[in-house]
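Q: Could we go through this model together? I would like to begin with the overall picture and then turn to particular helices and residues.

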Amino acid sequence: MDLESGFYQNHVKRESWRTVFTLAYQSLGVVYGDLSTSPLYVYKSTFAEDIEHTETNDEIFGVLSFIFWTLTLVPLLKYVFIVLRADDNGEGGTFALYSLLCRHAKVNSLPSFQSADEDLSTYKKDITSPAPSTVRAKIKSTLEKYGVLQRVLLLLALLGACMVIGDGILTPAISVFSAVSGVELAMAKEHHKYVEVPVACIVLIALFALQHYGTHRVGFLFAPVVLTWLLCISAIGLYNIFYWNPHVYQALSPYYMYKFLKKTQRGGWMSLGGILLCITGSEAMFADLGHFSQLSIKIAFTSIVYPSLVLAYMGQAAYLSMHHEFQSDYRIGFYVSVPEKLRWPVLVIAVMAAVVGSQAIITGTFSIIKQCSALGCFPRVKIVHTSSKMHGQIYIPEINWILMVLCLAVTIGFRDTKRLGNASGLAVITVMLVTTCLMSLVIVLCWHHNVILAVCFVLFFGMIEALYFSASLIKFLEGAWVPIALSLTFMIVMCVWHYGTLKKYEFDVQNKVSVDWLLGLGPSLGIVRVRGIGLIHTELVSGIPAIFSHFVTNLPAFHQVLVFLCVKSVPIPHVKHEERFLVGHIGPREYRMYRCIVRYGYRDAHKDDLQFENDLVCSIAEYIRTGSTGLNGKDKDVTRQNEDMIVVGTPSTHLHGIQLCEDDGVNPDVAGTSERREIQSPPAPPMKARKKVRFVIPENPKIDRGAREELRDLMDAREAGIAYILGHSYVRAKQGSSFMKKMVINCGYDFLRRNCRSSTLAMSSPHSSTLEVGMVYHI
């Protein structure tokens, strides 16, 4: 926003710094809950089996050195200083990177994409065409030319999304289980094993059962809980450092990593799967960027989270360097380094912090599934917005209960942090590898940097992450198979749905009715036109859907005003409300047929309620007033009317445009007394009182007689009511298709289609005004 006043600029700057620090404080509870609870299980998972803690302390110091440099290079250097800059209009995550690449390379997986979408204000932001002879131009043209590369790019983004979903199952399990494992030191050996799993399951069930209330009710507690936890572990770490081994800081030298690997060799390499857990939750810094800001996330991590974690790990290492024999089976873990008198209070804080961290990853899972669904890569699910004030607070009932069942299954099935850690580690590092690969393309195509810089980025961070990935993958039979199985299942679901959706849209395009056929019917369309608005829901952005001809062939009557409504998603996070409605005529003005395309970003909330209806009608009315005639006041050419569509504001964004008023009065002759004029519908029949509708239009613009008649017809139709005509498709593979295609379409896609939610329009439209038209699609 451009501000002209210098005083106002300074005032906003002071306000913005206050806001930044407030956001930094709030981000502790939302972003860093998972990362902050990692000290609960890192050392225990690392020393579970592959290496032993010996008197020389080479192992513990080597592990500390690995933890320190991993925390420094991955979360601090990679995410805080590099990846956070790759935001998509303020949004982050795997799909933000994919969306950036789609726009800069003109690669799109959405079949309903049209050139008008490129005119959105946030679509072409910072997009420039490279010089033809540059390497960047060659990479861009290669990506645009080969469909295989485009599908690989989509699969890469979906792989990252699937692993995030897997992390949403595994992170609550390992965090809560590790937190409640502190009872092991406070109870008898023969009793604790019968308490840990039930307590962890009870906490997990309560966590998932309370999801439908949303986090906004208790969200104000999240930041204090995580802040208290970070101060607690850093204070205990400082105590252990000064009390047990003040010289533990020497282990931060990379030399100790070399000594560790030289001594432990294969065992040390395999133990990297446990060390990897120290950076679990780092991806949340980028994924939750849309809720905060780059600066606030950077301040929170560099000033509070990073120092607290380093002190916590150093303190545990200092304690363990002086203790090599443990009486219980607990062996090396977080709670042994906690002073005995503080263990119960720390246990309570740890459980609360684990719940907060789990809550954040569950909400992130809901968000990633919503994005997949918006981009046509996941079946439609019920999305409940739990807060009208906080952006992104959503709840998906079906996914919530699936996550709970799977989370309980892995908790009861594994019953130890070792295998849970192996599973969680593979999911975490796979998401990071996907981010590294996508970032290398972003550096070249979006940031316009040299290819050598992108190669250095992917080699440096890719080698680090590949090392951890190999250490996690080798433990396939010891728990690492779980995220692979989960991601494979979700990947199959996403690919089947995406393939079926594409084929269904292709069938719609191939079988759509030409406008010439429609024009040949005349203004009455060869059928009886009854009062009211017929709202025909279609996925087509051009042409007449086959469902319309199918309907009028069997029932030769239709409404006086026809609106072909297409609700679609575009590859940007948010679409401004004033740019949401795209309206145009179908045929000449006297046909009273319109096309309205409603565009949403992949993070926007779809609101198909009464306000949506009013906005839709007002956008058509505003189009009639401003866009249905040429500069000379005469109708445009029919052919051009079939193609031209304009962006129209709504009453909430275009205050000087047409407003819709409804009242229950029976006096239609009341004139407007303000600076606006009213167009009213004809008097209602005396037999039945009904709600009156009128358009309040600006006083200044002159409206020709034809437009005024068109507005009056639209108002009369709106007063008579809106009928929703929805297509109900039965998809089958056509004869001669391969066995694999028949399995995918007839079994896989059909099963998902029958069990997924209806469209938001179908869910919100009144049943008494809804008509479904069934058609069989042979694809």
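A: Gladly. Among contacts in the protein chain between residues at least 6 apart in sequence, 82% join residues at least 24 apart. Please keep in mind that this is a predicted model.

Q: How many helices and strands are there in the protein chain?
A: The protein chain has 25 helices and twelve strands.

Q: And what percentage of the residues is buried?
A: Of the 779 residues in the protein chain, 54% are buried.

Q: On to helix packing. How do α5 and α7 cross?
A: Helix α5 covers residues 94-105 and helix α7 residues 147-180; their axes come within 9 Å and cross at roughly 165 degrees. Angles over 145 degrees count as roughly antiparallel, and α5 and α7 are therefore roughly antiparallel to each other.

Q: Is that crossing left-handed or right-handed?
A: The crossing of α5 and α7 is left-handed.

Q: Which residues make the contact?
A: From α5, Thr-94, Phe-95, Tyr-98 and Leu-101 take part, and from α7, Leu-153, Leu-154, Ala-157, Leu-158 and Ala-161. By class, the contact of α5 with α7 has eight nonpolar residues, one polar residue and no charged residues.

Q: What about α11 and α17, at what angle do they pack?
A: Helix α11 (residues 266-275) packs against helix α17 (residues 451-473) at about 100 degrees, and their axes are 8 Å apart. Because angles from 65 to 115 degrees count as roughly perpendicular, α11 and α17 are described as roughly perpendicular to each other.

Q: Which residues form the contact there?
A: Trp-269, Met-270, Leu-272, Gly-273 and Ile-275 of α11 meet Leu-467, Tyr-468, Ser-470, Ala-471 and Ser-472 of α17. The residues of the contact of α11 with α17 divide into seven nonpolar, three polar and no charged.

Q: Changing topic: where is Val-305?
A: Val-305 is in helix α13, which spans residues 294-321.

Q: Buried or exposed?
A: Val-305 has 0% relative accessibility and therefore counts as buried. Leaving aside neighbours within four places in sequence, Val-305 is in contact with Leu-28, Tyr-32, Leu-35, Ser-36, Leu-230 and Ala-300.

Q: How far is Val-305 from Ser-234 in space?
A: Val-305 and Ser-234 are 9.6 Å apart, C-alpha to C-alpha, and 71 residues apart in sequence.

Q: What does its side chain lie 3.1 Å from?
A: A polar atom of the Thr-538 side chain lies 3.1 Å from the backbone nitrogen of Leu-540. Leaving aside neighbours within four places in sequence, Thr-538 is in contact with Pro-545, Phe-564, Leu-565, Cys-566 and Val-567.

Q: Finally, backbone angles. What is phi of Asn-57?
A: Phi of Asn-57 is near 65 degrees, a positive value in a residue other than glycine. Most residues other than glycine have a negative phi. Asn-57 lies in the loop between α3 (42-46) and α4 (58-81), and Asn-57 is buried, with a relative accessible area of 10%.

Q: And Arg-592, what is its phi?
A: Phi of Arg-592 is near 55 degrees, also a positive value in a residue other than glycine. Arg-592 is placed in the loop between β5 (581-585) and β6 (593-601). With a relative accessible area of 12%, Arg-592 is buried.

Methods. Residues are numbered from 1 along each chain as its sequence is written. This is a predicted model: local features need pLDDT of at least 70, side-chain atom pairs count only at pLDDT 80 or more; totals for chains, interfaces and linings use all residues. Side-chain values use heavy atoms; hydrogens and water are left out. A polar contact is a pair of N or O atoms within 3.5 Å; within protein, one must be able to donate a hydrogen and the other to accept it, and residues adjacent in sequence count only if both atoms are side-chain atoms. Contact means heavy atoms within 4.5 Å. Axes are lines fitted to C-alpha atoms, for helices over the stretch in contact, and angles run from 0 to 180 degrees between N-to-C directions. Helices (H or I, at least four residues) and strands (E, at least two) are DSSP runs, numbered from the N terminus. Angles under 35 degrees count as roughly parallel, over 145 as roughly antiparallel, 65 to 115 as roughly perpendicular and the rest as oblique. A crossing is left-handed if the near helix is turned anticlockwise from the far one by less than a right angle, and right-handed if clockwise. Ala, Val, Leu, Ile, Met, Phe, Trp, Tyr, Cys and Pro count as nonpolar, Asp, Glu, Lys and Arg as charged, and the others, Gly among them, as polar. Buried means under 20% relative accessible area, exposed over 50%, partly exposed in between (1.4 Å probe, protein chains only).
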